[in-house]
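Me: I've got this one open and would like to go through how it packs. Can you take my questions one at a time?

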Amino acid sequence: MSVAPATLSDLLSPGGASSFVLLATRVGGLILIAPVFSSKSVPKRLRTALLLVFATVLLPVARLHVTGAPALTPTVMLSETLIGFALGIGAASAAGDLMSVQMGLAGASVLDPMTNIQVPVLGQFMTAFATLLLFSSGGHLVMIDGLGTSLEVLPLGVVPDVSAGILIM
């Protein structure tokens, strides 16, 4: 499949701007949650630049699978954000915090130098471990590839039918 690079005409075509906004919403969900991108050590300007670069690069792929101009409704925006969250797999810190509470180690906190707040020791460890695992196994590349694949499986502007998925289970 040959995809032309994004041009200004992609944004100016009917549905181009709304596709870009929805794609940026999906990418933003991924960047907010993914351990690699959501770290406080990654500057906000870099995260914003990554969002714009990924959205611009993936816009032609997204436009291939969109029929017509997608609507910008709150439901669609929330759906795109949740798809990005699902791709971000950022539950490592929350799992570590929950483990700390269950083990009685919630009182054992350390100062996180990036955020200047106290965090449970296991939560900090799980976040660092998840980031290390993600980079060493090439998971950050898999997340970016998954973002491109999600545009084929779940086109922009289409709210997934959750009830149909539950019935299949």
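Me: What share of the contacts in the protein chain with a separation of 6 or more comes from residues 24 or more positions apart?
Reply: This is a predicted model, where local features need pLDDT of at least 70, side-chain atom pairs count only at pLDDT 80 or more, and totals for chains, interfaces and linings use all residues. Residues are numbered from 1 along each chain as its sequence is written, and side-chain values use heavy atoms, with hydrogens and water left out. Taking contact as heavy atoms within 4.5 Å, the share from residues 24 or more positions apart is 75%.

Me: And which pattern does the protein chain follow along the sequence?
Reply: Helices (H or I, at least four residues) and strands (E, at least two) are DSSP runs, numbered from the N terminus. The protein chain has eight helices and two strands. Read in order, that gives α-α-α-α-α-β-β-α-α-α.

Me: How far apart are the end C-alpha atoms of helix H7?
Reply: The expected span is 1.5 Å times one less than the number of residues. H7 covers residues 139-153, so its 15 residues should span 21 Å. The model agrees, with the ends at 20 Å.

Me: At what angle do H2 and H7 pack?
Reply: Axes here are lines fitted to C-alpha atoms, for helices over the stretch in contact, and angles run from 0 to 180 degrees between N-to-C directions. Helix H2 (residues 16-33) has its axis 11 Å from that of H7. The angle comes to about 150 degrees.

Me: Which residues of H7 does H2 meet?
Reply: From the H2 side come Leu 23, Arg 26, Val 27 and Leu 30. Their partners in H7 are Met 143, Leu 147, Ser 150 and Leu 151.

Me: Is Ala 17 buried or partly exposed?
Reply: Ala 17 sits in helix H2. Partly exposed runs between the buried limit of under 20% and the exposed limit of over 50% relative accessible area (1.4 Å probe, protein chains only). At 44%, Ala 17 is partly exposed.
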